[in-house]
Amino acid sequence: KTATGSVVIADLLARTGCGGIVVCPAALRRTWKAEMAKWGTAAPVLLPATSADVRPPGEGEVLILSFDTLAQLPIEVWRALRSSPPGWLIADELQKIRTAKSSRSCRFEDLVKIVRGPTLALTGTLVENKPLDLWIVCVRLGIERVIFPGGISEFAEHFGGVYDFAS
């Protein structure tokens, strides 16, 4: 997935010049940086040590954040991101946002709403525990009505009546 994502980043940077954000598990941040270099993405990479070190990516820059860092961004960083929105977003291991009320899931949805270009969602494990996890991921990406126009009822019918949010 990182190789594919890296090639997509190289293409986006070449075509638009816009900086963007990669959100992934903390353990994969350096892997993303290495894969980008390996696959021809020569863009400057921002790899902040803490949430206080985060700033919006400039033109041609790539900001790599962990899901946990995203969940802890200070309000000043959110203001800066809103005033200078990233041109694109790539999320790796997207199943990490499957919990409906978690701060990482809610902050990811906030980020999707301010990105001015494409969002690419990558995962090898779309349904980690139960089918409802997939619904939550679709909601966070803002695509639930595209895939399931009938909403949660259509989704539940497709997956055999599964709609228990509590379990």
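## A walk from the helix pairs to the sheet

Let's start with α6 (residues 132–141) and α8 (residues 151–158), two helices that pack at an angle of about 145 degrees with their axes 10 Å apart. Axes here are lines fitted to C-alpha atoms, for helices over the stretch in contact, and the angles run from 0 to 180 degrees between N-to-C directions. The helices (H or I, at least four residues) and strands (E, at least two) are DSSP runs, numbered from the N terminus. Keep in mind that this is a predicted model, where local features need pLDDT of at least 70 and side-chain atom pairs count only at pLDDT 80 or more, while totals for chains, interfaces and linings use all residues. Residues are numbered from 1 along each chain as its sequence is written, and side-chain values use heavy atoms, with hydrogens and water left out.

α6 passes α8 in a right-handed crossing, meaning that the near helix is turned clockwise from the far one by less than a right angle. On the α6 side you'll find Leu132, Leu134 and Trp135, which meet Gly151, Ile152 and Phe155 of α8; contact means heavy atoms within 4.5 Å. Sorted by class, that contact has five nonpolar residues, one polar and no charged ones. Nonpolar covers Ala, Val, Leu, Ile, Met, Phe, Trp, Tyr, Cys and Pro, charged covers Asp, Glu, Lys and Arg, and the others, Gly among them, count as polar.

Now for another helix pair. α4 (residues 75–83) and α5 (residues 103–114) pack at about 25 degrees, with their axes 9 Å apart. That makes α4 roughly parallel to α5, a label for angles under 35 degrees. Here too the crossing is right-handed, as α4 passes α5. α4 brings Trp78, Leu81 and Arg82 to the contact, and α5 brings Arg107, Asp110, Leu111 and Ile114. By class, this contact has four nonpolar, no polar and three charged residues.

α5 also leads us to the sheet: α5 lies across β1 and β4, running at about 150 degrees to β4. Five strands make up this open sheet, in the order β2-β3-β1-β4-β5, and the pairing is parallel. Strands count as paired if DSSP finds at least two bridges between them. The edges are β2 (45–46) and β5, each of which pairs on one side only. Helix α1 (residues 2–16) packs on the sheet as well, touching β1, β3, β4 and β5, and its direction makes about 175 degrees with that of β4.

Walk along the sheet from β2. Two bridges join β2 to β3, and Leu46 stands opposite Leu63 in β3. Five bridges then join β1 to β3 (residues 62–66); Ile21 stands opposite Leu63, and Val22 opposite Ile64. Five of the five residues of β3 are buried, so the strand is largely enclosed by the rest of the structure. Buried means under 20% relative accessible area, with a 1.4 Å probe and protein chains only. Val62, Ile64 and Ser66 cover one side of β3, with Leu63 and Leu65 on the other.

How values were computed
Angles under 35 degrees count as roughly parallel, over 145 as roughly antiparallel, 65 to 115 as roughly perpendicular and the rest as oblique. Buried means under 20% relative accessible area, exposed over 50%, partly exposed in between (1.4 Å probe, protein chains only).
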